[in-house]
Amino acid sequence: MANGEKATLTNRQSPFSDAFKQFICEGWAPYSSEPPAPLPGAVAAAAHRKKLSAIYPGERLIIPAGSLKPRSNDCDYPFRPHSAFTWLTGLGTDREPDAVLVMEPAAGGHTSTLYFHPRVPRTDEEFYGNPRYGEMWVGQRESLDEMAALGQLRTANIDELEPALQKMASQTPTRMLRETDPSLANKLDAWRGRGDREDAELVVTLSELRLIKDDFEVAQLRQACQATAVGFEAVVRELPNALAKPRGERWVEGVFGLHARHQGNAVGYDTIAASGDHANTLHWIRNDGDLHDGDLLLMDAGVELDSLFTADVTRTMPVNGRFTDAQRKVYDAVRAAQQAGFEAAKPGALFSDVHQAAIAVIAERLADWGVLPVSAEQALDPVEGGQYRRWMVHGTSHHLGLDVHDCAQALREEYRGPLKPGMVITVEPGIYFKSTDLLVPEELRGIGVRIEDDILITADGYEILSDQLPRESADVEAWMAGLLA
C-alpha cells in the first residue's frame, strides 16, 4: 500500500512537483448538484434524539463517532462508528470517523449539529495527498450540504467544534460520551472545570434508551435475520468442499463472511465455526480445525446490515447431514430447553425467567442421563446447587440490536428487569460435553450443541425473528438434504 504526502515526508513519500499540483486539479467532472436521499435510519434517529433531549433539558450533549484504530503501523482497522452515535444520527457502515454529534440546548429541546470533516475542493492538496481524507485515497466524501441531506440534520466543519465547545463549556452543563474520543474529553474537563461523573450517567442512559426497539429497529433486525439465513444456507451447500479441505472451519467462516459482506456491512461479530470438540469451547473463533464426516458443526454467526443492526443465530448441524443417535439425544434436549425459554418470554416476565425455564429442562435431562452428581432439583438450587453449569456455563439470553450484546451499560435492574414489548433478546441454551470430561458417558463425549434464535417480545408473547432456519432435528436433516442434493 502506498502512502500520501503529509506535512512531514516519511521515507516512503515523495514530494509533489508544482506541475503535478496544477495538472491533478484539472479535467474533472463537476460534483452532482442533486442532494442525496436521506439515509433509511434518519427519521428514526431524529426520534431517538428527541427521547434523549427530553431526559437532559438545558444540557449540552456530545456524542463522538470515534476514530480509526491502527491495525499495524499505518494500516487501520475498518471503521465502525459507536453504536450510540449511529442510533442518534442514522449513520452506519463506515461513516463517519472523527465526526461528533452535538445536541445544544434550545427552547423546546435541543438543536443538533453533526461536526465532521467535509470534502475539500479538488484544488486542495488534501484531495490527492491525504490518505485519511483525500478523495483519491478514500473515495468521494460528502460536502456539508450532502451530509445534511443524508442525516436530515444541521452540519458544520469539524474545525469549528473545539472553539464552539470551549466558548460556552463553563456556562452550559455538558455531558459527553467519553470513550469514543478521550482527547476531546480531557479538553472538555479543563474547559468546564470538573470531571466525568455526569458523563458516566449519559453512558447508562444511552444504553437504556435502546432496550425497547421502535418499528424501524425491529424491521432492521428482521432483515438481518433474513440475511443471516442466506449465509447459513450457503454454508450448508459448501459443506462438501469444507469437508474436503484442510482447516474446513475457515472455509465455513469465509463462506458466511462473503455473504455477510454481500447482504450487509459485515459480520456482526467474529463467526464461530466449531467442528467436533471445538464446539465445547464457547468462544471458538480460531476456526482452524478440519471438518470430519460424522462430526457436528456448531455455527454461531450473524449478518450486520449497513445500518449496523445485527442478527445473532446459532445452529448445530451434522457435517454429513445426519445426526447420530447420541448427537440427536443431546440436540433434542437443547431444543426442548430452548422451547421452554421461548414460552417463558412474555411481557411482565423477568429477563431471568427465560434462563430459569431453559436450565430446568437441561438439569432434568442431565439427571436422567446420570451425569449430574445430585438431583435436578438440587442442581437448580441457587445457593447450594449449580452443578449443571459444568455443561452449560453461560446465560440463555442477552439483548440484541446495534450491538450483538446490546445495551450492555444499562443498569442491572433495567437490563435484567421485566420483559417489555419491543425488547429483542436471544434464546440460546446449550449442552457442552468436552472430550476430556470423564464424568460424561463415553458416547456423549466431544458433543457440543447450541441452538440460538432472536425473538421480539410482543404484547402477548414473542415472535421469532430468525424463524427462516429450522430447529427440530428432523427438520434440520430435511433442510440440509435439500441444500446438499
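Analyst: Let's begin with the word "cavity": on a 1 Å grid over the protein atoms alone, a cavity is a set of points where a 1.4 Å probe fits but cannot get out, a pocket is an open set with protein on both sides within 12 Å along at least five of seven lines, and lining residues have an atom within 4 Å of a point. Grid points are joined across faces, edges and corners, and the volume is the space filled by probe spheres set on them. This is a predicted model, in which local features need pLDDT of at least 70 and side-chain atom pairs count only at pLDDT 80 or more, while totals for chains, interfaces and linings use all residues. Residues are numbered from 1 along each chain as its sequence is written, and side-chain values use heavy atoms, with hydrogens and water left out.

Searching the whole structure turns up two cavities of 30 Å³ or more. The largest cavity holds about 70 Å³. Around it you will find Gly41, Ala44, His48, Thr86, Trp87, Gly90, Phe216, Ser307, Phe309 and Leu402. Two elements each give two or more residues to this lining, α2 (42–55) and α3 (83–89); helices (H or I, at least four residues) and strands (E, at least two) are DSSP runs, numbered from the N terminus. The lining is made of five nonpolar and five polar residues, with no charged ones. Here Ala, Val, Leu, Ile, Met, Phe, Trp, Tyr, Cys and Pro count as nonpolar, Asp, Glu, Lys and Arg as charged, and the others, Gly among them, as polar.

The second largest cavity has a volume of about 40 Å³. Arg119, Val120, Glu126, Phe127, Tyr133, Gly134, Glu135 and Arg141 make up its lining. By class, four of these residues are charged, three are nonpolar and one is polar.

Now for an open space. The second largest pocket contains about 400 Å³. It has 17 lining residues, and Ile272, His283, Asp300, His405 and Glu428 are the closest to its centre. Six of the lining residues are polar, six are charged and five are nonpolar.

Ile272 leads us to strand β9 (residues 272–275), where Ile272 and Ala274 point one way and Ala273 and Ser275 the other way. In a regular strand the side chains alternate between the two faces of the sheet. All four of these β9 residues are buried, and buried means under 20% relative accessible area, exposed over 50%, and partly exposed in between (1.4 Å probe, protein chains only). β9 pairs with strand β10 (residues 296–301) in the antiparallel sense over four bridges; two strands pair if DSSP finds at least two bridges between them. Across that pairing, Ser275 faces Leu297 in β10.

Finally, here is how the nonpolar interior is built. A nonpolar core is a set of buried Ala, Val, Leu, Ile, Met, Phe, Trp, Tyr and Cys residues joined through side-chain atoms within 4.5 Å. The largest core has 96 residues, of which Leu52, Val252, Leu366, Trp369, Phe433 and Trp479 touch the most other members. Helix α10 (residues 215–244) is its main contributor, giving 12 residues. Another core, of 15 residues, lies apart from it and includes Leu211, Val354, Tyr415 and Leu419.
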